[in-house]
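Here is a short report on one protein chain. Look over the structure first, then read on.

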Amino acid sequence: MKIPLGQYLNLLSRYLAAQKPRVALLFALLISGVLLQVGNPQIVRAFIDGALDGEPQSRLLVLAALFILFAAISQLLAVLATYLSETVGWTATNALRSDFAEHLLRLDMSFHKTRTPGEMIQRIDGDVDGLSNFFSQFALALCGNLLLLIGVLFFLFLEDWRLGVALGLFALLALTVLFSLRSFAVSRWIALREVTAQFYGFVGEQLAGTEDIRANGARPYSMTRFHEQLRHWLPLSISSGLGFAWLWIASLSVFTVGHTVALLASFYLWQQGDLSIGSVYLVFHYTELLRRPIEQIREQMQELQSASASIARVDGLLQIESKIRDEGRITLPDGPLAVEFEGVSFGYEPDDPVLNGVSLSVEPGQFLGLVGRTGSGKTTLGRLLVRLYDIDDGRLTLGGHPLAELPLSHLRDRVGVVSQDIQLLEGSVRNNLTFFDESIPDERLVRALDGLGLGGWLESLPDGLDTELGTNWRLSAGEAQLLAYARVFLRDPGLIVLDEATSRLDPATQRLIEVAVANLLRGRTAIVVAHRLTTLEDADVIAVMEDGSVIEAGPRQALLADQTSRFASLYRRDAEASLT
Ligand SMILES: Nc1ncnc2c1ncn2[C@@H]1O[C@H](COP(=O)(O)OP(=O)(O)O)[C@@H](O)[C@H]1O
Ligand SMILES: [Mg+2]
């Protein structure tokens, strides 16, 4: 797998641009460090040659003192550079982490449907972690090492051009060999990370479903899948490890060659009388110095392998744009809103239509009851109204405007959806009502609950709004619904889409819910998906759905009066069922 340089540079410039002064200081430190490292052996050479030539001791002492001073400063700079590069790296990755999480949250439902939560966690946590090395160590240390490499080669050239050429060629050869082995290991690493993510996704899914798995005796199946995943994991892990081993062996061999070349060449030049003993020391030392950057560049390639995989995936995910484009400008007036479906078709998957030319219209303030078998597309209609998905064909308008003309946040403010299965969050009743929006005062919450006829219910909770859900208080399915109604009521939407839960409730809660729903729907347009026809006593119009189409629609009274209508026959069946 080839990873274009563009992706690296793109990420680097995006996340380092915000820290320009720090990055500049870091580079200054790196360059001074390189100069000191390359300069110091020159002092040693002068010392050795001076000592052999019998120069005065005072001069030798000055040289020795200079050497120690430079060495100390060089260590100090290294510490500072490490500190700075870690800071730069962490700042950059934290920014990336939050951008990434926000991006994923913005993506449309069809994206999230195809990824498990565990996989997303692995992306945000594991991959971004991989990138923190890329920012802090790889990118900056690589620059430092390249500078050192160039500095060393430059001074070798000054010493003797033949040495410069020989070791320059060697460095080139070493880098080429190590670079070409890189891609070999990267592909294995990517495959390994992919399987790891899948494994976490699998474990997350199994843990979430543990109750159903046990209840249905599906444990053996779960375990079989578990072993399958492990079996898949091991060979990939081995081959990825082997990829690294190859890199390591290659670099060892290359260095043996390098040292041999340097020793042979300087021995030859010394014999010819072209190099002094001090210079031979210098060449030897420079060869050692050359070893460090090349070796570290190899190690950083290893970092890069993990980062490459992460960068490719992170960048890939960042490139995915939500299919739901948020480009609308129009805002809707307050009050009840008209809804109009005109020949709307939609499918979750291409070529698998779930809705086929649905036409329906609801006047502002009207109450539409939606009935039909499971799978006929009722819930889907509600999802389309808040643009969790976009329609494939036809026209869907709210207050006379196609949904795409409205800003997404505005649309979701004006349309309140209570879904079939309500999710409560870990937290207090207050936070569950406001979604952690602290600007909403308690009085408004209490007024909302009162307005829905739930004042008494609120008082029955042990700590009122402070009751912690999930820890010291469990809500029944019915109470969760009440909470969901209050959530929507608070936002005062112009259209309510209510997907009735199928679970049977105790009569007391059922009555509370009826009162709450009646209060919630007053003065708003409502689309209510009902499983019990009693829920639709107050409906103005009824639509019956079958296989993704509306097969019957009209005023409730008219449909009831017409004995041949689908709704009337459903009604008779429902009445018989409740008699038995
Ligand atoms: N998230 C989804 N992804 C793919 N198919 C779905 C999804 N949700 C529902 N469907 C399919 O769409 C069809 C209509 O489902 P739905 O709107 O939930 O019907 P209803 O609410 O009337 O029971 C069904 O065939 C269902 O399997
Ligand atoms: Mg449904």
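## The shell around the ligand

By class, the residues around ligand 1 divide into 2 nonpolar, 7 polar and 2 charged. This comes from a predicted model.

Who are these residues? Lys113, Tyr348 and Val354 are among those surrounding ligand 1.

Now for helix pairs. Two packed helices are described by the angle between their axes and the distance between the axes.

Take helix α2 (residues 20–52) and helix α3 (residues 57–106). Their axes come within 8 Å and cross at roughly 160 degrees. An angle over 145 degrees counts as roughly antiparallel, so α2 is roughly antiparallel to α3. The crossing of α2 past α3 is left-handed. Their contact has 25 nonpolar, 9 polar and 2 charged residues.

## Helices α13 and α15

Helix α13 spans residues 442–451, and helix α15 spans residues 477–491. The two axes come within 9 Å and cross at roughly 115 degrees. Are they roughly parallel or roughly perpendicular to each other? Angles of 65 to 115 degrees count as roughly perpendicular, so α13 and α15 are roughly perpendicular to each other.

α13 passes α15 in a right-handed crossing. On the α13 side, Arg444, Ala448, Leu449 and Gly451 make the contact. On the α15 side, Ala486, Phe489 and Leu490 do. By class, that contact has 5 nonpolar, 1 polar and 1 charged residues.

## Helices α15 and α16

α15 also packs with helix α16 (residues 507–521). The angle is about 10 degrees, and the axes are 10 Å apart. Angles under 35 degrees count as roughly parallel, so α15 and α16 are roughly parallel to each other. This crossing is left-handed.

Which residues of α15 meet α16? They are Gly478, Glu479, Gln481, Leu482, Tyr485, Val488 and Phe489. Facing them in α16 are Thr509, Leu512, Ile513, Ala516, Val517 and Leu520. The contact of α15 with α16 divides into 9 nonpolar, 3 polar and 1 charged residues. Phe489 of α15 takes part in the contact with α13 and also in the contact with α16.

Definitions and conventions
Residues are numbered from 1 along each chain as its sequence is written. Chains are lettered from A and ligands numbered from 1 in the order in which they are written. This is a predicted model: local features need pLDDT of at least 70, side-chain atom pairs count only at pLDDT 80 or more; totals for chains, interfaces and linings use all residues. Axes are lines fitted to C-alpha atoms, for helices over the stretch in contact, and angles run from 0 to 180 degrees between N-to-C directions. Helices (H or I, at least four residues) and strands (E, at least two) are DSSP runs, numbered from the N terminus. A crossing is left-handed if the near helix is turned anticlockwise from the far one by less than a right angle, and right-handed if clockwise. Two residues are in contact if their C-beta atoms, placed from the backbone, lie within 7 Å. Ala, Val, Leu, Ile, Met, Phe, Trp, Tyr, Cys and Pro count as nonpolar, Asp, Glu, Lys and Arg as charged, and the others, Gly among them, as polar. A residue is near a molecule or strand if its C-beta atom, placed from the backbone, lies within 6 Å of it.
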